[in-house]
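Please look over the sequence and the 3D structure below before reading on. The report then describes parts of the fold in plain terms.

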Amino acid sequence: PTSSPRSESFSDDAPFYHLVPKGLVENAEFRKGLIEWGCESHEAARLLWIMCRRDLLFFINSFCFIFEPRPSEDFPFSEFPFITWEFQDRALLQMARALGKRDIGVAKSRDQGATWMALVLLFWRWCFYEGESFLLVSRNADLVDDSNNTDTLMAKLDQMWNMLPGFLRPPRTRTHMTMVNEHTRSHFNGDTTTGNAGRGGRRTGVLLDELASFDVGESFAAWKSLQYVTKTRIWPSTPNGKTGAFYE
């Protein structure tokens, strides 16, 4: 395929990303070709698995989808290819470098994909790396996992998993608030924002979605309880006033 130019080189962290075209039609054709190739032989599927493991941006732009319940006239579908913007490329690679080493804070505006970016980063690690443990925290349980709500954090993971081609989709065990990769033994768990959030375990990373919307006391309690659970608390949130753990 014809590669598309990048205004910034990501060759060290994303060695295959330059192969991916970014136009919607061209990207769809590229994805179709990759799936057909991966289905042809075990060797091709294995090579694509290795490329995805080594290159987060290649994985996202070749195999991941975002789900949007507000289709537009230009794209009247609820699911569309996750084709990253340049600022997302930089942010995703910075987040990948920080995971397991330090906290990641994101002050976001609406419709810029910050929560999706955090989830797809953790999903990538869950798919391709062994023994990783992630915790998803929101202000109440129904925002983490609810079988009647496709907009929860766990539902977004379900959607990404369902859209992967068979040769990349790992077998999993999925129960309420839990998703385990049967190959890598990496797993997700859900929790709510309480003073006991995450207690009793150690985590590769913890996502606190929309921390600024938590009750002020609960935001500080969750923040404090998680500091000994993980080296990486990820908190993408829209600012909401001058109080609470997110503001601090």
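This is a predicted model: local features need pLDDT of at least 70, side-chain atom pairs count only at pLDDT 80 or more; totals for chains, interfaces and linings use all residues.

Residues are numbered from 1 along each chain as its sequence is written, and side-chain values use heavy atoms, with hydrogens and water left out.

**The chain as a whole**

The protein chain has eight helices and nine strands. Helices (H or I, at least four residues) and strands (E, at least two) are DSSP runs, numbered from the N terminus. The chain has 248 residues, and 50% of them count as buried. Buried means under 20% relative accessible area, exposed means over 50%, and partly exposed lies in between, with a 1.4 Å probe and protein chains only. A contact means heavy atoms within 4.5 Å. Among contacts in the chain with a separation of 6 or more, 69% are between residues 24 or more positions apart.

**Helix 3 and its surroundings**

Helix 3 is largely enclosed by the rest of the structure, because eight of its eight residues are buried. They are Leu56, Leu57, Phe58, Phe59, Ile60, Asn61, Ser62 and Phe63. These buried residues pack against several elements, including helix 1 (24-40), helix 2 (42-54), strand 1 (65-67) and helix 5 (114-128). At the start of helix 3, a side-chain oxygen of Asp55 comes to within 3.1 Å of the backbone nitrogen of Leu57.

Helix 4 is another partner of helix 3. The axes of helix 3 (residues 56-63) and helix 4 (residues 86-98) come within 10 Å and cross at roughly 130°. Axes are lines fitted to C-alpha atoms, for helices over the stretch in contact, and angles run from 0 to 180 degrees between N-to-C directions. The two helices are therefore oblique to each other; angles under 35 degrees count as roughly parallel, over 145 as roughly antiparallel, 65 to 115 as roughly perpendicular and the rest as oblique. Leu56, Leu57 and Ile60 of helix 3 make the contact with Asp89, Leu92, Leu93 and Ala96 of helix 4.

Helix 7 (153-163) is also packed against by the buried residues of helix 3. Helix 7 is itself mostly covered, with nine of its eleven residues buried. Among them are Leu153, Met154 and Trp161.

| Residue | Relative accessibility | Class |
|---|---|---|
| Asp209 | 12% | buried |
| Met177 | 14% | buried |
| Arg185 | 48% | partly exposed |

Asp209 lies in the loop between strand 8 (205-208) and helix 8 (216-226). Its side chain is joined to that of Thr115 by a polar contact of 2.8 Å. A polar contact is a pair of N or O atoms within 3.5 Å; within protein, one must be able to donate a hydrogen and the other to accept it, and residues adjacent in sequence count only if both atoms are side-chain atoms. Leaving out residues up to four places away in sequence, Asp209 touches Lys108, Thr115, Val137, Ser138, Leu153, Phe214 and Pro236.

Most residues other than glycine have a negative phi. Met177, in the loop between strand 5 (172-175) and strand 6 (178-181), has a positive phi near 70°. Arg185 sits in the loop between strand 6 and strand 7 (187-192), and its phi is positive too, at about 65°.
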